[in-house]
Amino acid sequence: MSLLSSTTALLGKELRTEFRSRELLTTTVVFILMVIVLFSFTFDPTYNESRRFGPGLLWLAFLFAASLMLQPCFLREQNNDTLSALRLSVSDPFAIFLAKLVANTLFLLFTEVLMLPVFAILYNVPVLRVLGQLLLVFFLGSLGVSIAGTALSAISAQARMRELLLPLLLLPLLTPVLVSSTEVTIGLLEASPYVEWKGIGFLVAFDVVFLTLLWLLGEYLLEE
Amino acid sequence: MTSRGVSPTGIRFENIEKRYGGLAALRRIRFEIAPGECVALAGRNGSGKTTLLRIAAGLVRPTSGELTFPSALGAVAGATSRASKAEAVRAKVSRGFVAHATMVYDELTAEENLLLFARLQQTPNAAARVERLLHEVGLFDRRASLVRTFSRGMRQRVAIARALLHEPSILLLDEPSTGLDPQGVAWLAATLRQLCDAGCTILMSLHGESEISMLATRAIRLDAGLIVADTRTGAEVRSILTFADA
C-alpha cells in the first residue's frame, strides 16, 4: 500500500476519533482563550502596546496549548495497544507519523483561526488586511510544532514521567520556531505591514529538516 | 495456500535472548515450528510467553539471536536486524497477532475498526471480507456500535476478527480466550481448527486446559525465560497445559 493511501486511512481515523471525543480541541481552545483573555486584563490594549506584546503572547499561548494537545497523541494509542496493531498493519511506519502530524497541524490551525478574531478584538489589532500572510505563518509555525511535537510525543509516551518529559523536551526545541513566528507576526501587525522573509525561510527550513529526520528515524521511535 | 497466495510458513527461533535492563526475559530460546503446526506455550506469569509472542510478531526486537520464517516452499523471510526491509514487510504480512490487549479503537465502531485495518493491510475486497468476519464473530448486528460500548468478550471477538482479516499464514495468540463466554470459546476453537486444517501455523499462550488447548499438537513450557519442556506426545502435551501454572 502506498504511503499516501495508508496516511489517508490513518488521517481519517485520527479526525473521526477526535471529532467523537473532542478531547484535544476542547482543551486547546479553552486554554488559548483563557490566556488571551487573562493577559488582556494585565495591560492597556492600545495599538502600540498590543503590537509590542501581542504576537509573542499569541505564539506562547499556541505553543503551550500545543504541548497540551500533543501529549495524548501517542499516549492514547497505548490504551488498547493499538500502536502495535498499526505497526503490524502498515508497510511504512512513517505513515503513522504523517497522519498524526497532519491531524495535529489541522487541529492547531483550526484553533488558531478560531482564536484570531478574539485576539484581534481584545487587543485592538487589525488583522484582516494581512490575513493571508498571517495564515501562512500560522501554517508554517503549526507545522513545525506538530512535526517536532509528534516525534517527541512518540518518545515520551514510552518513558516514565511522560507528562513532564514532553514539555521539557518540546519547549526548548521549539524556541527557534517561537522566535521566528513571533518576528514575522510582529512585522505583519505593524502600522505599515511587511513580511519578514528571513523568518519565513527559517520556518520552512525547520519544517523540512525535522520532517526529513522523522522520515529517517521514525521507525526506531516506534519500537518497544 | 491461503486465499491470498501466502504459502504455509513456519517459525524458527535461533538462540533468542531478550533482556530488559538487568532482567533476562528470554534465554537461549531455540526451537522451530513447522508450517501448519499448532503449538501451545505454557508457563507461569512472567515466564516469558508474551515476550516470545511479541518477538514472533515483530513488535519487539530480540537482544540477540535470529528469528526466521521458513516457508513450505523453501523461501525464508527474516525479521531480525539483518533482514532487508522487503523481507521484514513480507514476514509481517504473513502474521496475525491477538495480544492480551484488544488492539482496537474504542472510539470507532466494530466495522470502522476492521475496515481501517483491512485497508492498511491491503485486504482485497475489504468491505466484503469485513462483513463476512462480522457475521462469523457474531457481531454483525452490532457493527455500527462503538467498541467502547462492548463487553470484554465482544471486544475480544473484534480483536480476533482483526487478526484474521488478511488471512495470515501464521497466527500468534496471547491467551485468546480472555473474556470469551463458553460459546465464544467453542467458536474460537472451531475457527482455529479450520485454520489448522488449512495449513495455518499457530503459536498460542494458554492457561489451563480448554477446547482451544485440545487443538495443540505440541506444548512448550517456559520457566524464567528458559524452555524447560517441549513435547509432541499427546499425554505430555495435556499434562503441560493442565498444570501450566504449577
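Predicted model: local features only at pLDDT ≥ 70, side-chain atom pairs only at ≥ 80, totals over all residues.
Residues are numbered from 1 along each chain as its sequence is written, with chains lettered from A and ligands numbered from 1 in the order in which they are written.

Chain B has seven helices and 10 strands, counted as DSSP runs (H or I, at least four residues, for helices; E, at least two, for strands) numbered from the N terminus. Of its 246 residues, 49% are buried, that is, with 20 or more other C-beta atoms within 10 Å of their own.

| Helix of chain A | Residues in the contact, among them |
|---|---|
| helix 7 (residues 131-156) | L140(A), G144(A), I147(A) |
| helix 10 (residues 197-221) | L203(A), D207(A), F210(A) |

Their axes (lines fitted to C-alpha atoms over the stretch in contact) come within 9 Å and cross at roughly 25°. That makes helix 7 of chain A roughly parallel to helix 10 of chain A, a label for angles under 35 degrees.

Now for the contact between the chains, which takes 20 residues from chain A and 24 residues from chain B. Helix 1 of chain A gives the most to chain A's side, with seven residues.

Notes:
Axes fitted to C-alpha atoms, helices over the stretch in contact; angles between N-to-C directions. Parallel < 35°, antiparallel > 145°, perpendicular 65-115°, else oblique. Contact = placed C-beta atoms within 7 Å. Buried ≥ 20, exposed ≤ 12 C-beta atoms within 10 Å, placed from the backbone.
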